[in-house]
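Hi,

Here is the structure I promised to pass on to you.

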Amino acid sequence: MEPILKVNHLKKVFHQRGKRDVFAVENISFSLQPGEILGIVGESGSGKSTVAKLITRLVDPTEGEIILDGQDITHLKGTALKDAYGKLQMVFQNPVGSFDPRRTLGDGIGESLRNKGMSKVERRKKAAELLEQCGLDASYADRYPHQVSGGQCQRAAIARALAVDPKVLICDEATSALDVTVQKRIIELLRRLKEEKNLSYLFICHNLALVQEFCDRVLVMKDGGIVEEGTPDDVICNPQDEYTKMLVEAVL
Ligand SMILES: Nc1ncnc2c1ncn2[C@@H]1O[C@H](COP(=O)(O)OP(=O)(O)OP(=O)(O)O)[C@@H](O)[C@H]1O
């Protein structure tokens, strides 16, 4: 099967004026299959978020290529990049901060549909539908981000990500700010949506237990590189790499 996302020899060096360069991501390659949930773990600073930002082109790679659904998107710009990004969306750790505080959740969810030429009425209808798919009553469309709980806001953020019918969701610590029960419900929601919409997830998470429960495969990152890769049972229960062993022991 053709991977839905493929990353080849990706590298990112941050140049900082008057300071040493930061080698955040060094020559990493991996692929994500359709319908797969691929976890990325690693200690703080190992480069996980930079990988997400490179794939979503929030930052430009120093070297390497990013192939999304067969298309090389590494150097796309402007409208071409926007079009390609209909297939890929991101869900962040802090849902409240990811919405404009002066606009309702419904407006936030409908924003990306405006570019598709949808009328205001159609956008409202679609936002309500998406909220319901994500387990929230349609009336939440009229609430502001500060008027909902963290879990509800994350559901709205997932609804917003789904508005453009993506194929891949990148979840960067998407459940880390939520308490354990809410986290569990968001995971259940992501599981259900994956089946219903045939999504693939890149799931960046420092919680190894959650990765073990949720992911099909996991990459372990250290100092910008991948040091181990395999099923969560293999990597977490039987780590081969010394760093992975240390990471697993640290949470036991
Ligand atoms: N814009 C930037 N400029 C300079 N250095 C950066 C920049 N963004 C990230 N870095 C550095 O790149 C390295 C990787 O950071 P990154 O945020 O990808 O790590 P992470 O594994 O996601 O960490 P965490 O789990 O704490 O979020 C770190 O040393 C970080 O300080």
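What covers the buried residues of H3? Helix H4 (120-133) and H5 are included in that cover. Before the details, please keep in mind that this is a predicted model, in which local features need pLDDT of at least 70, side-chain atom pairs count only at pLDDT 80 or more, and totals for chains, interfaces and linings use all residues. Residues are numbered from 1 along each chain as its sequence is written.

On the terms: helices (H or I, at least four residues) and strands (E, at least two) are DSSP runs, numbered from the N terminus. A residue is buried if 20 or more other C-beta atoms lie within 10 Å of its own, exposed if 12 or fewer, and partly exposed in between, with C-beta atoms placed from the backbone. Contact means that two such C-beta atoms lie within 7 Å.

Now the helices. H3 spans residues 105-114, and its buried residues are Leu 105, Gly 106, Gly 108, Ile 109, Gly 110 and Leu 113. In H4, the buried residues are Arg 123, Arg 124, Ala 127, Ala 128, Leu 130 and Leu 131. Seen down the axis of H4, these fall within an arc of 165° (taken from the directions from the helix axis to the C-beta atoms), so they line one face of the helix. They pack against H3 and H5.

Six strands form an open, mixed sheet in the order S6-S7-S8-S3-S9-S10, where pairing requires at least two DSSP bridges between two strands. S6 (88-91) and S10 (225-230) stand at the edges with a single partner strand each, so one side of each has no neighbour in the sheet. From one strand to the next, the twist averages 20°. S6 and S7 (residues 168-172) run parallel and are joined by 4 bridges; Gln 89 has Leu 169 as its bridge partner in S7. Lying across both strands is H5 (residues 150-162), at about 170° to S6 (axes are lines fitted to C-alpha atoms, for helices over the stretch in contact, and angles run from 0 to 180 degrees between N-to-C directions).

Elsewhere, S1 (residues 5-14) and S4 (residues 63-68) run antiparallel with 5 bridges, and Lys 11 is partnered by Glu 63 in S4. S4 also runs antiparallel to S5 (residues 71-72), through 2 bridges. In their hairpin, which has 2 residues between the strands, Asp 69 takes a positive phi near 50°.

Best wishes
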